[in-house]
There are 2 protein chains.
Amino acid sequence: MKIAVLGTGNVGDTIGSKLIEIGHFVMMGSRTAENEKAKSFVAKQHDKASAGTFSDAAAFGEIIFNCTAGVGSLEALKMAGEKNLNGKIIVDIANPLDFSKGMPPSLAVCNTNSLGEEIQKAFPQAKVVKALNTMWCGLMVNPAMINGGDHSTFVSGNDTAAKEEVKKILKSFGWAEKDILDLGDITKARGTEMYLPLWLSIYGATNNGAFNIKIIS
Amino acid sequence: MKIAVLGTGNVGDTIGSKLIEIGHFVMMGSRTAENEKAKSFVAKQHDKASAGTFSDAAAFGEIIFNCTAGVGSLEALKMAGEKNLNGKIIVDIANPLDFSKGMPPSLAVCNTNSLGEEIQKAFPQAKVVKALNTMWCGLMVNPAMINGGDHSTFVSGNDTAAKEEVKKILKSFGWAEKDILDLGDITKARGTEMYLPLWLSIYGATNNGAFNIKIIS
């Protein structure tokens, strides 16, 4: 499949590399076509990787992974262009962490709204699926790194078929069906985004970012 | 030990009953001394239970459990009286869930503040420890109900000795030392309170409130 990865940070690099490893073609999108991190990504991934602007990447991709910093995601997606997003799945991995007021970051949007919802509202013809935003990117694509892969991940979004498509991708990353919980519509992104302060606190208390939560019942 | 339980709802009843079961004396506090739920609590718990106003209970207790509804906690604690709280540990179990705008509830305070912090600011001479607010009350006092008790709970607060005291109580409820994570100072209550929307989403998706999260690493 042809997939767009928007964002050239650790999350984009990790997701893009995994997608290529399992056979997809990835175009990494950034603000400019000359982004050094995107070039480096292409150089190490050989012939299945390419790079371009947000718009180039979104036009290329059948599915779009939003791996941009959350506070810049709406602008990045606007640069990607509504016509390049319409009808497509946007897998929204971003968290609206606002570092502008110091540490720890607060959330730029929360409580009665979420970044996932804002993206869905801005691009009503796209199918936004919030996923994977509750953990360090290394675990997103390699759940087996801890506890034999037995821990929990979430999806939410308004389009059931789109969520099924994203679940397939999660399974191809190593997630077991039983560990993927569909929380409901895109308003449920509030919960997974608002989990971030607890995530940051656990990280701070344990000095280990390679953790996740498992639902026990 | 003599313990005040402020609040007559399920949480107060459950916490108060457990405290009596393990040998403590409990006074349940409410707005009026004639609260029917408090009377019923006293009737079923025999001679170790008593009931009174918030002020009566706080004067009685060496430790105070805040089991009131979060949006009313500050008012309840003001009624309890600063002089009855000064120097004492307040175990804050409440979540600032605001149901006034319909379901799901939003948080009356969050992001750059928390109920735990508000209580600590309002009663600077008390030692507020946020604890147990991340799960259904049945699990708070009986972690062994699921997974042999092996799942996670959190404490946060500014006073280290107070947190140690609360950990002892958690252990007497059945929590293992390894499953009690000290997140840091009372600002970390933001994370455990902001986890509530995810908790509510998981509950909604699974139709089961008797769940908790376990940190996997």
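Start with the aromatic rings: this predicted model has four aromatic pairs over all chains.

**Stop 1: the rings of helix α10, chain A.** Select A:Trp199 and A:Tyr203. They form a tilted aromatic pair, 5.2 Å centre to centre, with 50° between the planes. Both residues lie in helix α10 (residues 196-206) of chain A. They are four residues apart, about one turn of the helix. Colour by accessibility next. A:Trp199 is buried, at 11% relative accessible area. A:Tyr203 is partly exposed, at 39%.

**Stop 2: a ring pair in chain B.** Select B:Trp199 and B:Phe211. Their ring centres are 5.2 Å apart and their planes stand at 20°, so this pair is stacked. The pair links distant parts of the chain, 12 residues apart. B:Trp199 sits in helix α10 (residues 196-206) of chain B, while B:Phe211 is in the loop between α10 and β11 (212-216). Both B:Trp199 and B:Phe211 are buried.

Ring pairs link A:Trp199, A:Tyr203 and A:Phe211 into a cluster.

**Stop 3: a lysine over a ring.** Select A:Lys2 and A:Phe60. A:Lys2 lies over the face of A:Phe60, 5.4 Å from the ring centre. Then try chain B: B:Lys2 lies over the face of B:Phe60, at 5.4 Å from the ring centre.

**Stop 4: salt bridges around A:Lys39.** The structure holds 36 salt bridges over all chains. Select A:Lys39, A:Glu34 and A:Glu36. A:Lys39 forms a salt bridge with A:Glu34, with the closest N and O atoms 3.2 Å apart. A:Lys39 also meets A:Glu36 in a salt bridge, at 3.8 Å from N to O. A:Glu36 and A:Lys39 both lie in helix α2 (residues 36-45) of chain A, three residues apart. How exposed is A:Lys39? A:Lys39 is partly exposed, at 39% relative accessible area. A:Glu34 is exposed at 51%, and A:Glu36 is exposed at 56%.

**Stop 5: further along chain A.** Select A:Lys171 and A:Glu177. Their salt bridge has its closest N and O atoms 2.3 Å apart. A:Lys171 is partly exposed, at 36%. A:Glu177 is partly exposed too, at 44%. Next, pick A:Asp150, A:Lys178, A:Asp179 and A:Lys214. A network of salt bridges links these residues.

**Stop 6: helix α6, chain A.** Select residues 115-122. The buried residues of this helix are A:Leu115, A:Gly116, A:Glu117, A:Ile119 and A:Gln120. Show what surrounds them. The buried residues of α6 pack against strands β4 (63-66), β5 (89-92) and β8 (127-131) of chain A. They also pack against helices α4 (73-80) and α9 (189-194).

Terms used: Residues are numbered from 1 along each chain as its sequence is written. Chains are lettered from A and ligands numbered from 1 in the order in which they are written. This is a predicted model: local features need pLDDT of at least 70, side-chain atom pairs count only at pLDDT 80 or more; totals for chains, interfaces and linings use all residues. Side-chain values use heavy atoms; hydrogens and water are left out. A salt bridge is a side-chain nitrogen of Lys or Arg within 4 Å of a carboxyl oxygen of Asp or Glu. Buried means under 20% relative accessible area, exposed over 50%, partly exposed in between (1.4 Å probe, protein chains only). Helices (H or I, at least four residues) and strands (E, at least two) are DSSP runs, numbered from the N terminus. Contact means heavy atoms within 4.5 Å. Rings of Phe, Tyr and Trp (its six-membered ring) pair if their centres lie within 6.5 Å; planes under 30 degrees apart count as stacked, over 60 as edge-to-face and the rest as tilted. A charge sits over a ring if NZ of Lys or CZ of Arg is within 6 Å of the ring centre and within 35 degrees of the ring normal.
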